Amino acid sequence: MFLQQLVNGLVLGGAYALISVGMTMIFGIMNISNFAHGTIYMLGGYCIYFLSAVFRQPFFLAVAISMFAVGLIGIAMERIVFRPVYGGPVLNDLLIALGLSFFLENGVLLLWGSQTKSVRTPYTDVILHVLSISITLQRLIVLVASVVLIGALYAFLNYTRFGKAIVASSQSPKGAALVGIDLDRVYMATFAISSGLAGAAGALLAPLFYVFPTMGSMPLLKAFVVVVLGGMGNVQGAVVGGFLVGIAESLGGAYISSDYKNVFSFVILIAVLLLRPQGLFGRSES
Amino acid sequence: MSLLTCEAVQKDFGGLAAVNQVSLRVTEGEIVGLIGPNGAGKTTLFNLITGFLRPTSGRIVYAGEEITGFAPHVIGGLGLVRTFQKISVFAELTVLENVLIGRHLHLRVGFPGALLQNRAYRCEERASQEKALGTLDFVGLTGWENQQAKQLPFGLQRALGIATALAAEPRLLLLDEPASGMNTEEKRAIIEVIRRIYRSGTTLLLVEHDMNVVMSLCGRIIVLNSGNVLMEGNPEEVQHDPSVIEVYLGKGYRRVAGTQ
Amino acid sequence: MGNRFIILLGLLLLGLAFAFPVLVKDSYYQHIMNVIFLFAISVYGFNIITGIAGQFNIAHAGFIGIGAYASALATTRLPFSFWAGLPLSVLATAIFGFLIGYPSLRLRGVYFALTTLAFGEILSLVFENWISVTGGPMGITKIPPPTPIPLPGGASLAFDDKSGFYYLCLIFLLLAMYVNRQLLRSRLGRAMLAVRENEDLAQSLGIPVARTKMIAFILATGFLSVTGSLYAHYFRFISPVSFSVGESFRHVTMLIVGGKGTLLGPLVGAVIFTALPEILRSTEDYQWIAYGVILMLCVVFLPKGIVGCFRDFRGRRAEGPAAEDR
């Protein structure tokens with residue numbers, strides 16, 4: 001039972017990590033808390049719904065397309081919505097992201113209705129048994145895909161020129177500008193990556209959790225928890241935090257209370273903010 | 001009588017001593033300057049004295065009472081008020097509102113009185129408006145009352161910051177680089193204001209980079225370098241002290257400056 | 001000259017407000033006014049913590065919920081009348097305000113907002129799952145209207161119809177507006193403004209920042225609690241859905257678009273976002289999309305909200321009483 005819940009937690013954690021990594025990057029590089037991140041995740045879900053249920057594309061292809069499509073939408077968001085509020089008071093970022101999420105959520109609601117939509121894949125029905133654990137192939141795919149995408153992000157940030165430029169910008173935007181890094185492109189790329197990964201998460205999880213307009217609200221909150229736990233702006237932190245929160249939720253839901261399952265991550269958030277606000281990997285402010 | 005005493009105050013950040021065993025004393029009625037090159041620890045010392053930082057070791061005594069580790073608002077409440085170098089005003093509020101906030105410590109009527117608008121409240125409001133206008137006049141900001149603080153020209157914003165601090169009727173006023181970023185005209189105006197404050201009986205300790213400002217105002221100067229007190233003395237002594245010259249201008253100037 | 005005009009205008013509006021239920025007998029319109037008033041009271045509360053003290057709280061729908069449930073329980077499970085239940089629910093909400101505020105207010109900016117978001121979600125979950133007390137998703141039903149107040153002369157003021165409630169809400173709204181106004185002219189309110197603008201500077205002037213934030217928070221919860229009680233006894237039915245974090249966002253929109261920190265902003269915001277949906281009933285589906293767009297446009301072009309920008313436009317650049325007429 002414990003092992004089973006642990007594995008469930010890992011699957012959940014991988015997804016959380018995937019969603020949170022983008023959010024923490026946006027915070028670290030642009031100092032924006034993206035409250036619209038949940039709706040970006042939701043768009044990934046709708047993308048794959050249309051690609052797979054309506055246009056009958058194969059699953060993996062649909063995920064890839066969703067990822068790129070949502071990434072492009074992310075770039076559009078950055079240019080149209082967030083650019084006007086750079087450098088302003090922090091409250092403005094929160095508010096404009098809020099407005100954006102109203103717009104997107106209700107736009108989707110208007111266009112495609114509030115009914116929950118399901119996405120079927122050949123993998124949701126295949127169950128694997130390893131030791132005492134059973135896991136559907138779909139869940140395993142989610143876990144593997146999360147790890148692969150995060151690994152790709154790592155490689156990109158640490159081994160490519162542009163990736164290193166992005167890392168430099170998060171440490172010092174002025175310094176980066178001084179050495180000739182084009183901050184505009186960095187910002188666009190950050191949003192593209194962040195949205196793409198969130199969209200991929202939405203697409204990967206759609207077969208498991210269905211697709212509906214407000215599907216992004218909980219993931220948004222969980223992402224905040226993960227980001228704060230890991231240290232705002234810290235990519236490793238978001239990965240580790242994601243898995244920790246996923247496991248905590250899974251175990252908490254199984255052993256303590258499944259009604260209040262969502263409470264655990266919020267309790268973690270409050271505990272972190274009170275005891276160690278800089279998170280696991282963050283630097284403490286003097 | 002010593003109004004402010006620092007006894008072997010130490011502040012370490014990691015392995016670095018930003019303020020290293022600094023002892024100093026400010027007597028009531030003095031105007032003391034605190035100078036030193038960038039990174040000497042002047043702002044850190046200010047933050048330690050005013051409670052924004054806690055010393056690693058050492059004592060800070062104000063008006064006979066130890067204030068080491070007290071919270072900033074408690075220290076302000078004792079009459080030790082400071083200004084800030086960056087963002088010295090409440091930007092979105094008007095000039096008058098800024099100064100009225102400075103009156104906080106001297107207002108007695110609580111919120112219930114404000115709700116009832118009883119006589120005590122109305123009297124106090126009128127009195128504090130008058131006091132505030134008087135303070136604005138003192139620093140030369142008459143006529144600007146209803147202007148939003150962030151709309152003020154830079155030099156006047158600084159004057160406003162000082163006015164707000166004055167409204168709190170401090171016994172000891174700490175000015176953090178009051179003249180920084182100002183042009184010659186503005187500096188002249190602020191020097192006048194500070195002189196007026198001094199003449200009205202307030203004790204002053206100011207951090208400043210501009211040597212003209214410091215030399216023309218301060219009776220005594222303390223020089224910091226790398227967290228240590230290098231020397232202290234009157235402007236003449238400080239100007240000709242070889243170690244001070246070396247710290248600011250480098251070794252090569254030692255002999256040349258000595259011939260002045 | 002301008003002063004006198006505004007005072008006259010204010011008195012006229014006040015007179016109209018009191019005469020409204022007599023002039024307009026249609027209960028539909030009375031209902032709309034009641035809803036506007038309810039929202040306005042809560043937004044005035046929200047204004048104290050977020051507009052004046054500058055701390056972005058997102059849990060206020062949850063606090064309205066605490067007020068609503070406390071008041072509803074006092075009159076359904078316990079033998080209290082609405083009038084006795086009201087101070088009890090304010091007390092209960094204030095206690096929660098203190099408990100939640102104590103850890104949260106230490107945090108600045110977005111961290112505080114996130115903590116209140118988390119608490120708001122926890123409250124929502126508790127409302128839904130603590131079935132023995134809150135009735136779970138089914139909520140609490142059959143909440144009685146406030147008991148009539150006996151008036152001199154044998155008549156009594158009854159609240160079982162919309163026009164009776166109208167006056168109750170109007171009184172509380174005027175109270176909320178008055179408190180907001182006097183706050184801005186008091187030592188306490190100025191301290192809150194100082195904390196909003198520059199915490200360090202406020203501290204150096206002797207203002208106890210943590211205590212000031214807490215007082216603002218508790219004052220705000222007081223108003224939210226009243227809104228909750230009124231809501232419970234007006235609609236006579238409450239369920240967790242009305243107190244979710246999503247509802248908080250609606251209040252946020254009202255405050256921001258109306259103008260935070262101003263005296264009329266909350267009312268303007270409440271009117272726009274309550275009256276508009278009713279008028280545009282047929283386009284209900286498009287409403288929230290419109291709100292999203294309005295909010296975004298507001299943040300970029302009208303950061304001070306309608307009232308704030310109106311004031312700027314007229315040449316007065318203050319958010320404090322020094323430049324106001326009265």
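User: Let's start with α1 in chain B: which of its residues are buried?
Analyst: In this predicted model, the buried residues of α1(B) are Lys42(B), Thr44(B), Leu45(B), Phe46(B), Asn47(B), Leu48(B) and Ile49(B). That is seven of the eight residues of the helix, so α1(B) counts as mostly covered.

User: And what follows α1(B)?
Analyst: Gly51(B) follows α1(B), and its phi is positive, near 90°.

User: Which sheet is there in chain B, and what is the strand order?
Analyst: There is an open sheet of six strands in chain B, with mixed pairing and the order β6-β7-β8-β3-β9-β10. Its edge strands are β6 and β10 (228–233) of chain B, each of which pairs on one side only. On average, and with direction ignored, neighbouring strands of this sheet are turned by 20° against each other.

User: Which strands does α1 touch?
Analyst: Helix α1 (residues 42–49) of chain B packs on the sheet and touches β3, β6, β7 (172–176), β8 and β9 of chain B, while its direction makes about 145° with that of β7(B).

User: Why is β3 of chain B described as largely enclosed?
Analyst: Because five of the five residues of β3(B), which spans residues 31–35, are buried, the strand is largely enclosed by the rest of the structure.

User: Which way do those residues point?
Analyst: Ile31(B), Gly33(B) and Ile35(B) point one way from β3(B), whereas Val32(B) and Leu34(B) point the other way, and all are buried. In a regular strand, side chains alternate between the two faces of the sheet.

User: Switching to chain A: how do α2 and α8 cross?
Analyst: The axes of α2(A), residues 37–54, and α8(A) come within 7 Å and cross at roughly 50°. The two helices are therefore oblique to each other, and α2(A) passes α8(A) in a right-handed crossing.

User: Which residues make that contact?
Analyst: On the α2(A) side they include His37(A), Ile40(A), Tyr41(A), Met42(A) and Leu43(A), and on the α8(A) side they include Ser195(A), Ala198(A), Gly199(A) and Ala200(A). The residues of this contact divide into 12 nonpolar, six polar and no charged.

User: What about α3 against α8?
Analyst: The axes of α3(A), residues 59–82, and α8(A), residues 183–209, come within 7 Å and cross at roughly 140°, which means that α3(A) is oblique to α8(A). This crossing is right-handed, and the contact residues divide into 17 nonpolar, seven polar and one charged.

User: Last topic, chains B and C: how many residues does each give to the contact?
Analyst: Chain B gives 34 residues and chain C gives 27 residues. On the side of chain B that touches chain C, the elements giving two or more residues are α2 (72–77), β6 (80–82), α3 (95–102) and α4 (111–116) of chain B.

Note on methods. Residues numbered from 1 in each chain as written. Chains lettered and ligands numbered in written order. Predicted model: local features only at pLDDT ≥ 70, side-chain atom pairs only at ≥ 80, totals over all residues. Axes fitted to C-alpha atoms, helices over the stretch in contact; angles between N-to-C directions. Helix = DSSP H or I, 4+ residues; strand = E, 2+ residues; numbered from the N terminus. Parallel < 35°, antiparallel > 145°, perpendicular 65-115°, else oblique. Left-handed = near helix turned anticlockwise from the far one by under 90°. Nonpolar A, V, L, I, M, F, W, Y, C, P; charged D, E, K, R; others polar. Contact = placed C-beta atoms within 7 Å. Buried ≥ 20, exposed ≤ 12 C-beta atoms within 10 Å, placed from the backbone. Pairing = 2+ DSSP bridges.
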